[in-house]
Amino acid sequence: MARIFVSYTSVDRDFAYWIGKELQALGHEPHLHDWEIRGSGDILAWMEEQIDEADHTLCVFSDDYLKARYSTLERRAALWDEERPGFALIVMAKPCKIPALFRHFRRCELYDVSGDAVRQRFKQFMQGLGQPAKTTEPLPGLAASNIPVQEPTHFLGRDRELADIETALARDKGKRSIAALHGLRGVGKTTLAAAFAERHSKAYKVTWWIRAQSEATICADLVALGLKLGWITPENDQNVALALVLDRLHHEGENILLIYDNAARVADIKRYLPRGACRIIVTSNASNWLDIAAATVEIKTWSKTTGAKYLLARTGRKKERDAAAALSDLLGGLPLAHEQAAAYCERLDVSFDEYQRRFVAATESMLDKERDAPDAYHDGRTVAATFRMAIEQATGLHPAAEPLIVLAALLAPEPIPLFLFSEAREMLGEPLATLLAGDGFEDAVAALRAFALVSRRPLAEERIKAWSADAIRIHRLVRQIAITRRSARECDDIRRTIAAALADVYPRRLIENRLRSQREKEQLIPHVLTALNFLHADHDAEFNARELLDSMARLVMLTLQDVGAKNISPEYLPTVLADFYEVQPLSETIARLVENEDAWPKLQDRLLDANNYVLRYAMAEAIADAWGVEKISALIDKAKNLNEFELGGYALGLVYARDPQLITLHYLEKLADHPAYPGRSILGDLLLNLALRDSPDITPDLHALLPNRRFWEPVWDFVALDIQTIEAAEAFAAKPRKTPPPSTGDEVSKAYAALLAVETGITERMKHHVAGGTLHTLLDQYFRLGEDPTRIEEAEGELADVSPPELLELMRVFFAHPIWSVAESAATVLSLLVTRDHDKANERLQIITLLLDDPHWRVQFGANEAAFAVRHHDDAVFHRSVERFYDHWNCKIRGLCAENLVALILNSGTAKRNDLLRRHEKQIKFWIRDEDCWVLEHVFRLFQTLYLRGVSFDRLLADGMSRLFDDLPEFFTLAREPFLRHIEQRKIALVLEGSATMAWAEASS
C-alpha cells in the first residue's frame, strides 16, 4: 500500500475524486485537499506536509492544471525530488501538451477510453509503481568508521533534512564544508547525523564520530582517528598527536566525513575543525553556526502524521491509528518522547488511549520513566531529565533563565511577544525584575536559546512601517517540565502576577498607530485568555487579581471585533465568554467560532453550560446568520435541555423575522407550550418584529398565525409587556393606521402613544442627516432594525462626529426601540464613544445620565444598559442606576438591573464581591422576593453560583423569599431548567388562587 498525494486543479475535481476512490479500492492511501482541508485551512502547510509524507505524487494533467498556481508548485516539487525515484506519477485527464521536463515520465492517458476500460488501464498503470533507486559506487582505498549509533529500524520523516545535509556538504568542492544540525533536545539530531553517515558510508573512505561536548572528548576522538589511520603512534604526545591529525586532515581530508556531536558553541570546537576538504556535520542545541557552517539545518519535531506512523510501526498496533495521532499531538512531535511512550505501552501492554490518560494525569512522572528511555540516547536519559538538565545549564549562563522560562511556561502555548516582558518587567517581582534590567532580558533569552529551550522568531507586519517585534515559543513538553519546578501555590502566585502584567500591557494605550496596536493586541490575546481562564477559577480570598477579570474580558471582546479570532484557539474562549453580559461585541466573536464546524459542537455545549442569557442570544444571532432553517429546526427538535431549546428558538425567531414565509406553526406552538417562560419570550420578540413590518402583504394576522392561548394569556408580566407592545404595533403598522380598541387596555394605549412619539422623533432626526448616509438609512429603516440590531454599529463613525445635543436625541430614539436588542446595540456603541475619546468622555457620560431621567421606560432600559457598558470608565453611574431602578414598576428594567449587577458580582474577586454584596444588599433582598420570571432567573444565577463557590449568603435571605420559593427554600441547589419549571408551576398556582380564569392554566396545573 502506498501513500499517494493527488495533485489536481478544481476544474478536474470530479476526475480527481474518481482517482481517489480507485486508489482506495486498490489498497492505497490517497490524500486530496478537498477531502481534508476546509475553507479556512492553511493549504500551503497541508500541501507541504503531504508532499513530505507521500510515497508518490499523482499529477492529474490537463491544460488548466498546467496553468494553476498551487498545482505548479506541487508538480515541480514532485519533479525535483531526487531522493524518491519514481515519485511523480502522471495521469492524463484531458489531452494537453506535456512539458518537456515530464516527457520521459511514465504516464497513463485516460481521456481516450471509457467504461470499464478506464478502470483497467488505471489499475495496470498503478501496478508499475516505483523504479530502482540510484546507487553510489564505493570509493577505493582505506575505509574506517566509528559511528556509535545505528540508524533505527523505524527511521521516519527526515528525507528533507537528509537532502539538506547532502546539499550543504556538496558545496565548495575542494574546501571544507560544514552542515550544522540544530534543534530541541530529543528531536533526533544525533540519530539523523548517524543515519546520514550510514546511508553515505560508501561515499566516504572515513566516517568518524567526535564527541564534542568537551575539549577532552574532542581531542581523544581526533587522536583515535589518527591512530586508526596510522598517522600517529601511541607514543606521540597528545598535543603533538592532535596537531599531526589536524594537519593530515587539512591535506588529506577529501572523502572524509567528521561528525561533531552535541557541540555547545562555535567557540568550543572552532580550533578543532580541520581546514582542507573535509566534510563536517555538527549537531547542537544552539542555532548560531553560520560563522563557520555552509548551512544550518533546523531539525523540527515530527508532524502528527509521522509521529503516529512511528508509534504504529514501533509497536505493531495498526488498529490504533486515531489514538496514535492523538498521542503524537499530545507529545508535541518530540521523537524521544515517542520512543518512551512506545516502550512504555509495549512493556505494560497498555493502549495509546490509556497512555494518554496516564500522561495527562501525571505528565512529569510519565516523562521520567527511566526503564523506557532508549539506551542510545545519552545512556538512557529521559525526556524529563533532559529538559531539567537543559534548564540548569541555561541558568548557569544567566540566573534569570530559570525563573523566566517558568513564567513563560505558565502563559499560553503560543508565541510570546517579547515586549510583554520588557514593558512589564517591574511588575514581575524580585529578583527577576532586577535580573532582567538592561541587557539582562536579552542575555537570559540567549541563554535559553543556547540549549534550544525556546525558539525566537520575528513578528513582522508589512502594513506597518518601521515596526517589528520578536516572539519566543516553547515546546509543550519543555513547558510541562518547567512548571514542575514550582509548587502549585507558587504557580498560582505567578499566574496572578502575569494577569496583572497583561492588564497593564494589553491595552496598548501609548501606541498611537492603531494598526500596530491591533497587531500587538492580537499577539497578546491567547495569553490574556489564558490569564482570564485562571482568574475565572481563582477564588483565593487572600488575593484580588480576579478584579481584573471583567475589564480584561471586555477589552478582549472589543479587540476580537477589530482583529478577528482566526488565530485564536477556540478552547481559550468559552470560560471568558461565560460571564460576559453584552450582546455586542459577543456576537462577532461567536460568529467566528461557529465557522469552525469541527470545534463548534463541543464549544456550543460549553457555552450553554454557562447559563448566560445574553451569551445564548449572541450565539443565536451567529447561528441565524450561518445556518439554514432546517439545521436550526433540528436543534430545537433534538434539544437535550432548555438551554439548547432556547438557543434554537432564538435563532429560529431571528430567521423567521427576516423571512416570515419560512414560518412553521409547529415550531411556534413548541415555543409557546414549553413549560418555562423563555419560549414565549422568544415569540414576543418574533411577533413584535412581524408587527412592525411595513409590508401588510407579508405580515399575517398574528392571533391567527399563533392561536395559542398560553401565549396570549400570560401569567408573567415579562411576557405581558411584549403582548401589549405587539398589539399596539399591529395597530400602529396597519394600513391605514388604526387606534387600539379600548378592550386592549390602558397599557396597550400607552405603548401605542410611545410608538407615535418615537415616529415623531425619527422624522425630526432625519432632517439633520444627509440622505444616503448610514444614520439617515438606519432612521429610515428604524422599525426593521430588530431583524439585525448590529447594523447600528455601522454608524459609530457618524455618531462620533455629531454634536452632544444631537447624540442625545439620536440615542433617545434608538433606546426607545420596541425590540430590546436594538437598545442594547445602541448602548454598546455609546459606551465605545465614551471609552475611545477621552476628551469627550464626560459629555457623553452626561448623555447617559440625562437619558436615565427620560419618562419612557424603554429609554430608561437602554440608558441602564449603557451605564453597565461604561462601568470600566465610570462605575458610579452604573451603581446609581441600579440603586435608582432596582424596584421599578416595570419587570424588564428590574430584571436588567439584576442581570447586570449579578454579572459584575460574579466576575469580581473575593474582596470586591463582598463589597458589592454589602453595598447592594437592599437591592438583592428586594429581588429575592420578586415574582417575575426574568428577575428571579438572575437572582437564581447569583445564589446558585455563590452556593457552588461555598460563599455564605444567609443574611441576604433574612427578610424572606419570593412566594414562588415557598415549597423550595433551597432553590439554589437546582439546575436552571428545573428551577424555571418550578417557578412556572408555582406562578400558575398563584394565578389560579387569585380566581383568574385561564383554561390553559387550569389544564396545566
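E423 is partly exposed, at a relative accessible area of 42% (partly exposed sits between buried, under 20%, and exposed, over 50%, with a 1.4 Å probe and protein chains only).

1. Ground rules first. This is a predicted model, where local features need pLDDT of at least 70, side-chain atom pairs count only at pLDDT 80 or more, and totals for chains, interfaces and linings use all residues. Residues are numbered from 1 along each chain as its sequence is written, and side-chain values use heavy atoms, with hydrogens and water left out.

2. Back to E423: this residue belongs to helix α19 (residues 419-423) (helices are DSSP runs of H or I, at least four residues; strands are E runs, at least two; both are numbered from the N terminus). V505 is 82 residues away along the chain, yet the C-alpha atoms of E423 and V505 are 6.8 Å apart.

3. Now look at strand β1 (residues 3-7). Since 5 of its 5 residues are buried, the strand is largely enclosed by the rest of the structure. R3, F5 and S7 point one way, I4 and V6 the other.

4. β1 has parallel partners: strand β2 (residues 29-31) over 3 bridges, and strand β3 (residues 56-61) over 4 bridges (pairing takes at least two DSSP bridges between the strands). I4 is bridged to P30 in β2 and stands opposite H56 in β3.

5. Over to R693, in the loop between α33 (678-692) and α34 (702-705). R693 is buried, at a relative accessible area of 6%. Its side chain makes a polar contact with the side chain of E787 at 3.3 Å (a pair of N or O atoms within 3.5 Å; within protein, one must be able to donate a hydrogen and the other to accept it, and residues adjacent in sequence count only if both atoms are side-chain atoms).
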